[in-house]
Amino acid sequence: MSTVEIIRPGLWSSVQDLGRFGFTHLGVPHSGVMDSASAVFANGLLNNPENAAVLEFTLSGPELRFNGESFFVLSGGLVQASCDGQGIAMNEVAFAKAGAVLKIGAITIGSRGYLAVAGGFKTAKMLGSRSMYAPLTQAKLKKGDILPMGSSGYGQVKGAKIKGGLSSILPKKNQKIILEVYKGPEYDLLSSSEQEALLQPVRVSKLWNRMALQFEEKLQHGLPEIKTSTVLPGTVQCTPDGSLIVLLNDCQTTGGYPRLLQLAKSSLAVIGQLQTTDKVFWRLLL
Amino acid sequence: MSRFSDYEIFPMGDQGILIKWSSYNDPEFLRYMRAKRDQLLMRFEQEVIQAYHELLLKVAPSSTTIKEVDRLLQQEVAVGSHSSLTHIIPVCYEADYAPDLHAFAKAKQLTTEEVIRRHSQKAYQIAFLGFLPGFPYLTGLDPILHYPRKEKPSLTISQGAVAIGGEQTGIYPQASPGGWHVIGRTPIPLFDPMANPPSPFIPGDSIKFSAISDAEYRKIASQVISGTYRIKSISDEHS
């Protein structure tokens with residue numbers, strides 16, 4: 001079986017598939033790729049099942065060695081990469097010879113990138129999924145980790161190359177980043193002036209990871225804490241001191257802060273590509 | 001069951017249907033929620049997350065699905081027909097395992113012995129699991145032991161920490177940051193993804209803490225490592 005070996009992991013890299021479902025009653029979150037649009041696109045180009053596990057990296061990419069030859073695709077945030085010194089184009093199928101070293105640089109637009117391989121990564125499944133989440137698995141990849149790759153018929157049929165355009169979810173220069181949201185269960189506890197303040201544009205703070213993302217601006221409010229309630233990735237909570245926090249893929253399954261907004265499903269991939277200082281506009285759907 | 005008919009249904013964005021009940025102070029309510037959860041699971045075959053007075057069904061809300069949920073909630077349901085268990089959880093409340101016990105007792109103007117006695121003398125019902133894999137939310141904490149969460153959460157609470165926060169007590173199945181006050185620690189694992197099921201706790205079951213010494217803690221810990229430790233669980237009788 002072919003494998004990939006991690007030489008340098010990058011800032012925060014992990015193996016993710018589309019998520020772990022059916023265990024929220026045990027307090028196990030969904031996890032899974034933060035930008036499913038880019039991950040599914042990369043798998044599609046390789047004719048992988050859309051749930052094939054990929055390597056997700058954050059802000060700065062990994063360096064790794066292909067111990068066996070493989071077709072691969074890089075997608076997600078804009079990043080430079082080279083394989084044995086040769087530049088690799090994003091969103092296109094590339095080929096690595098056995099022993100080739102792939103170096104992925106720092107993301108310049110967006111925050112998360114994906115490396116998909118033909119056949120997918122075949123790391124061990126825990127509770128039905130390959131998505132890394134501590135304590136079920138290690139939290140993230142480290143130097144020396146070996147990732148088995150699946151076998152695939154990709155490339156065997158001459159001339160059968162899947163092409164596809166990706167309508168990028170990355171924000172273009174000067175384009176507004178819009179997050180579509182619905183009212184959350186506690187939205188109506190806010191006064192109308194508080195609701196207006198809530199829906200003002202906000203900027204991403206330095207505090208974000210796979211569990212949650214916090215905005216800079218605080219909301220002045222008189223909301224009570226609520227008894228521990230159910231939450232989902234995309235739930236926007238407000239803490240006692242007014243911090244606005246969007247819960248994300250690795251978030252806990254329950255929470256005690258008022259739930260003011262709920263991200264539309266289509267906005268989850270957008271938030272997966274946000275980084276510090278990005279300005280976000282809310283669009284309230286009714 | 002008409003006495004639990006005070007509920008509202010909210011769409012949770014475009015991904016879920018939230019059922020929110022009024023606050024019921026009734027042990028029957030937990031059993032009722034468990035029965036309703038099972039009903040929803042069977043009908044929709046999608047995840048149902050549970051909290052104190054809520055169920056969240058991971059089904060896209062539409063007029064059809066919401067009507068169907070409402071219809072199911074109106075239906076009579078057999079409650080309490082399955083027996084529940086009380087799990088005995090050994091806890092060491094000694095100083096090395098209880099970093100916040102002394103300060104907690106002082107703030108409550110109790111002796112540490114009194115805190116330990118009150119904490120371990122009754123069984124707590126498991127309302128639901130959440131926050132971390134295998135973390136049980138327990139009801140029934142003696143009001144004398146209620147105490148607000150820390151203003152500034154601790155960066156590391158150890159695996160197995162037994163803690164109090166607000167009106168609740170619980171056990172941390174993994175090390176984690178947290179704002180609760182740690183008054184003891186259990187040597188037994190509460191969540192094992194390789195086990196079937198990964199957690200022994202089911203909402204409606206109960207937990208009773210049993211004080212152990214430092215020596216007993218280490219003995220149980222080595223039994224856990226060698227795989228010979230078994231949780232003691234007693235069947236409850238329900239008429």
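Between chain B and chain A, 10 residue pairs are in polar contact, counting pairs with both residues at pLDDT 80 or more. On the chain B side, strands S1 (7-12), S2 (16-21), S3 (48-50), S4 (54-57) and S6 (123-129) each supply at least two of the residues that touch chain A. Keep in mind that this is a predicted model. Below is a friendly tour of the interface, then of the sheet in chain B and some strand pairings in chain A.

**The interface between chains B and A**

- Chain B brings 34 residues to the contact, and chain A brings 35 residues.
- About 2900 Å² is buried between chain B and chain A, with carbon and sulfur atoms giving 61% of that area.
- The rule finds two salt bridges across this interface.
- One of the salt bridges joins the side chains of B:Glu54 and A:Arg259, at 2.6 Å from N to O.
- S3(B) gives the largest share of the side of chain B that touches chain A, namely three residues.
- Sorted by class, that side of chain B holds 18 nonpolar, nine polar and seven charged residues.

**The four-stranded sheet of chain B**

- Four strands of chain B form an open sheet in the order S1-S2-S4-S3, and their pairing is antiparallel.
- S1 and S3 of chain B are at the edges with a single partner strand each, so each has one side without a neighbour in the sheet.
- On average, neighbouring strands of this sheet are turned by 20 degrees against each other, with direction ignored.
- S1(B) and S2(B) run antiparallel and are joined by six bridges.
- Within this pairing, B:Ile9 has B:Ile19 of S2(B) as its bridge partner.

**Helices on that sheet**

- Helix H1 of chain B (residues 27-44) lies across S2, S3 and S4 of chain B, and runs at about 10 degrees to S4(B).
- Helix H2 of chain B (residues 63-74) also packs on the sheet, where it touches S1, S2 and S4 of chain B.
- The direction of H2 in chain B makes about 155 degrees with that of S1(B).

**Strand pairings around S20 of chain A**

- Strand S12 (residues 177-183) of chain A runs parallel to strand S20 (residues 279-284) of chain A, and five bridges join them.
- A:Leu179 has A:Trp282 as its bridge partner in S20(A).
- Strand S13 (residues 202-208) of chain A is antiparallel to S20(A), with two bridges between them.
- Opposite A:Val202 stands A:Val280, in S20(A).

Definitions and conventions:
Residues are numbered from 1 along each chain as its sequence is written. Chains are lettered from A and ligands numbered from 1 in the order in which they are written. This is a predicted model: local features need pLDDT of at least 70, side-chain atom pairs count only at pLDDT 80 or more; totals for chains, interfaces and linings use all residues. Side-chain values use heavy atoms; hydrogens and water are left out. Contact means heavy atoms within 4.5 Å. Buried area is the accessible area (1.4 Å probe) that two parts lose on being put together, summed over both. A salt bridge is a side-chain nitrogen of Lys or Arg within 4 Å of a carboxyl oxygen of Asp or Glu. A polar contact is a pair of N or O atoms within 3.5 Å; within protein, one must be able to donate a hydrogen and the other to accept it, and residues adjacent in sequence count only if both atoms are side-chain atoms. Ala, Val, Leu, Ile, Met, Phe, Trp, Tyr, Cys and Pro count as nonpolar, Asp, Glu, Lys and Arg as charged, and the others, Gly among them, as polar. Two strands pair if DSSP finds at least two bridges between them. Axes are lines fitted to C-alpha atoms, for helices over the stretch in contact, and angles run from 0 to 180 degrees between N-to-C directions.
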